[in-house]
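Colleague: I would like to learn how to read this model. Please take me through it feature by feature.

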Amino acid sequence: LFAMEQEGVCPDLITIAKGLGAGYQPIAAVLAREHIVDAIVAGSGLLGNGHTYMSHAVACAGALEVLRTIEDDNLLDKVRALGERLHAGLVARIGDHPHVGDIRGRGLFRGIEFVAERAGKTPFPRAANFANRFRAIAQDRGLICYPASGCADGVLGDHLLLAPPFIVTSQDIDMLVDNVGDVLDACVTAVQGD
């Protein structure tokens, strides 16, 4: 369920939220190792925190069903398989593109680094506004994505996160990959026209 498991890391605390409620109702949680819980119990036994929706019965019931669905429907197997299809498709379509520095990620979370010059991974100038320009062109074509800038040094550097939902199909993945390639080409043309 967590990327840290694939890295062999076991943190003392993990915060979880968005996926826990599957977008139906806000919910968040903190997972703690036993020695942390034991320390709280041995002390006051109370957590000095609170929130309007804390321990909300409907949100908790919904989160439990989300977790059951993930397990019962083998959604993680689907994520792994479609994630590999997404990665392979992106590598095939834009992996050698002169303005792609890297394609990385796991499962259905994939990031694409955009660069002005591939060999040295030189970022686009800030004025190019590449990631946000990509998002605008993509959105006009029906593709929703997450752009970000400043990832190289806090000011320069552009990347994009793709995060399709559990309900994505193989056909959707193929269409997404084609869209990304077409939008990238249109974005580069727009930047070069400036």
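Modeller: Start with naming: helices (H or I, at least four residues) and strands (E, at least two) are DSSP runs, numbered from the N terminus. Ile16, for example, sits in strand S1 (residues 13–16). This is a predicted model: local features need pLDDT of at least 70, side-chain atom pairs count only at pLDDT 80 or more, and totals for chains, interfaces and linings use all residues. Residues are numbered from 1 along each chain as its sequence is written, and side-chain values use heavy atoms, with hydrogens and water left out.

Colleague: Is Ile16 buried or exposed?

Modeller: Buried means under 20% relative accessible area, exposed over 50%, and partly exposed in between (1.4 Å probe, protein chains only). Ile16 has 19% relative accessibility, so it counts as buried.

Colleague: Which residues is Ile16 in contact with, leaving aside its neighbours within four places in sequence?

Modeller: Contact means heavy atoms within 4.5 Å. On that basis, Ile16 touches Phe2, Ala28, Ala29 and Leu31. Phe2 lies 14 residues from Ile16 in sequence, and their C-alpha atoms are 9.7 Å apart.

Colleague: Now a loop residue. Where is Gly23 found?

Modeller: Gly23 is in the loop between helix H2 (18–21) and strand S2 (29–32). Gly23 counts as exposed, because its relative accessibility is 72%. From Gly23 to Thr69 is 46 residues along the chain, and 14 Å between C-alpha atoms.

Colleague: How do I read a pair of packed helices?

Modeller: Two packed helices are described by the angle between their axes and the distance between the axes. Axes are lines fitted to C-alpha atoms, for helices over the stretch in contact, and angles run from 0 to 180 degrees between N-to-C directions. Take helix H5 (residues 75–94) and helix H7 (residues 170–193): their axes come within 9 Å and cross at roughly 30°. H5 is therefore roughly parallel to H7. Angles under 35 degrees count as roughly parallel, over 145 as roughly antiparallel, 65 to 115 as roughly perpendicular and the rest as oblique.

Colleague: Which residues of H5 make the contact?

Modeller: Leu82, Arg85, Leu86, Gly89, Leu90, Arg93 and Ile94 do. The contact of H5 with H7 has 9 nonpolar, 3 polar and 6 charged residues. Here Ala, Val, Leu, Ile, Met, Phe, Trp, Tyr, Cys and Pro count as nonpolar, Asp, Glu, Lys and Arg as charged, and the others, Gly among them, as polar.

Colleague: At what angle do H6 and H7 cross?

Modeller: Roughly 125°, with axes that come within 9 Å. H6 and H7 are therefore oblique to each other. On the H6 side, Phe130, Arg133, Phe134, Ile137 and Ala138 meet H7 residues including Val180, Leu184 and Val191. That contact has 12 nonpolar, no polar and 1 charged residues.

Colleague: What covers the buried residues of H7?

Modeller: The cover includes H5, strand S3 (100–106), strand S4 (109–114), helix H6 (130–140) and strand S6 (158–162). Among the buried residues of H7 are Ile173, Asn179, Gly181 and Cys187.

Colleague: Last, backbone angles. What should I look for?

Modeller: Most residues other than glycine have a negative phi, and most peptide bonds are trans. Asn74 has a positive phi of about 50°. Asn74 lies in the loop between helix H4 (57–72) and H5, and is partly exposed at 46% relative accessible area. Asn129 also has a positive phi of about 50°. Asn129 is in the loop between S4 and H6, partly exposed at 36%.
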